[in-house]
Amino acid sequence: MSFKNLEFLFERAKKGNIMRVVVAAAEDGDVLEAVHTANVEGIVEATLVGDPDKISKVARDKGVDISSFEVIPATNEEEAAMKAVQAVSSGEGDLLMKGFIKTSTLLKAVLNKEWGLRSGRLLSHLFLFEVPRLGRVIGLTDGGLNTYPGLQEKVSIVNNAVSCCHALGVERPRVAALAAVEVVNPDMPCTLDAAALVQMNRRNQIKGCVIDGPLALDNALSEEAARHKGVVSEVAGHAEVLFVPDIEAGNLLGKVILFMANGAGAGVVLGAKVPVVLTSRGDTARTKALSIALGAVLAKT
């Protein structure tokens, strides 16, 4: 991607209508700070679902003014998830955000067959990262939702990520299907899946992007590493989306970027009727604010 950092998300999110974010279990200081930041930036209005007293106390402790936000009472995580999802599904919100709540609880509500946010597509997680050493933004999928996807699920995950890139103005994203090696090895199933994804892309079964793999992380991101290993492709050294083989690889890689490489990120769940802003409880308020901005951009497309 040509973006040097994630600040472009704030500028994109300010264009057009102001979106409404509905936060499930909003009793979280960094979440409230992030929502307040996005509100001040003119990106979103907010509905906070949860215990009103706890939300007010957390906001006071954090020094955040939430007086302009709507508050919907809920007594526990399950009720907060239900009311938040129902608010969005009924048209009272444009995007959903995870607060102080288990991911599984929130997604159970999202996937409710009666009033949830099912679209018929597979849900998958995408994180956009800014990495100071690289000097550019890269995407990572799926390190937050699908545990050990099969080939068909991997196709859906790639398609979700590509659709997101298109919404951000990246017309033909370069996708690296990662593995520990850059050769097909029958003893390593993820390399077989990577090769299949490449062939499906060449045969137009996966459109709107260019995929190469298997690629090791170094030759996906570094031209020099790719040259040393004799890897020649349009993607090697220039990957814009890192497609990981399973949740363990994605989770570890994402946390290395955030906590060891001084990176910043923006994370959303794709594939539902609306974007779902989904970050870790340990993520910073800035990462959560950037995630809201990403969700707002996608909600407008």
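A residue is called buried when its relative accessible area is under 20%, exposed when that area is over 50%, and partly exposed in between. By this criterion strand S10 is mostly covered, with 7 of its 7 residues buried. The model described here is predicted.

**Overall form**

The protein chain contains 11 helices and 11 strands. A compact globule of 301 residues would have a radius of gyration near 19 Å, and the protein chain agrees with this because its own value is 19 Å. Along the principal axes, the C-alpha atoms fill a box of roughly 60 × 40 × 30 Å. Of the 301 residues, 54% are buried. The protein chain exposes about 13,200 Å², and carbon and sulfur atoms supply 50% of that area. Among contacts with a separation of 6 or more, 70% are between residues 24 or more positions apart.

**The sheet**

The 11 strands of an open sheet follow the order S3-S2-S1-S4-S11-S10-S5-S6-S9-S7-S8, and the pairing is mixed. Its edge strands are S3 (70-73) and S8, each of which pairs on one side only. Strands of a sheet pair through backbone hydrogen bonds, in either a parallel or an antiparallel sense.

| Strand pair | Sense | Bridges | A residue pair |
|---|---|---|---|
| S2 and S3 | parallel | 4 bridges | Thr-47 and Glu-70 |
| S1 and S2 | parallel | 6 bridges | Arg-20 and Glu-45 |
| S5 and S10 | antiparallel | 7 bridges | His-125 and Val-269 |

Strand S2 is largely enclosed by the rest of the structure, because 6 of its 7 residues are buried.

Helix H4 (residues 77-89) lies across S1 (19-24), S2, S3 and S4 (95-98), and runs at about 165° to S1. Helix H11 (residues 285-299) lies across S1, S2, S4, S5 (124-131), S10 (264-270) and S11 (276-277), and its angle to S10 is about 45°.

**Helix H7**

Helix H7 covers residues 189-202, and at 1.5 Å a residue its 14 residues should span 20 Å; the end C-alpha atoms are 20 Å apart, so the span agrees. An α-helix has 3.6 residues a turn, so residues three or four places apart point the same way. The buried residues of H7 are Cys-190, Thr-191, Asp-193, Ala-194, Leu-197, Val-198, Met-200 and Asn-201. They pack against helix H6 (151-167) and against strands S7 (174-178), S8 (210-215) and S9 (241-243). H7 is followed by Asn-204, which lies in the loop between H7 and S8.

Asn-204 is not a glycine, although its phi is positive at about 70°. Asn-262 is likewise not a glycine and has a positive phi of about 60°. Asn-262 is placed in the loop between helix H10 (247-259) and S10. It counts as exposed because its relative accessibility is 65%.

Cis peptide bonds occur at two places described here. One joins Thr-141 and Asp-142, with omega about -5°; Asp-142 lies in the loop between S6 (136-141) and H6. Another joins Gly-213 and Pro-214, with omega about 0°. Pro-214 is in strand S8.

Ala-167 is found in helix H6. With a relative accessible area of 24%, Ala-167 is partly exposed. Leaving aside residues up to four places away in sequence, Ala-167 touches Arg-12, Leu-298 and Thr-301. The C-alpha atoms of Ala-167 and Lys-300 are separated by 9.1 Å, while the two residues are 133 residues apart along the chain.

Notes: Residues numbered from 1 in each chain as written. Predicted model: local features only at pLDDT ≥ 70, side-chain atom pairs only at ≥ 80, totals over all residues. Heavy atoms only, no water. Helix = DSSP H or I, 4+ residues; strand = E, 2+ residues; numbered from the N terminus. Expected span 1.5 Å × (residues − 1). Buried < 20%, exposed > 50% of the residue type's maximum accessible area, 1.4 Å probe, protein only. Contact = heavy atoms within 4.5 Å. Pairing = 2+ DSSP bridges. Axes fitted to C-alpha atoms, helices over the stretch in contact; angles between N-to-C directions. Rg over C-alpha atoms; globule rule 2.2 N^0.38 Å. Areas by Shrake-Rupley, 256 points an atom, 1.4 Å probe, with all protein chains shown as cover.
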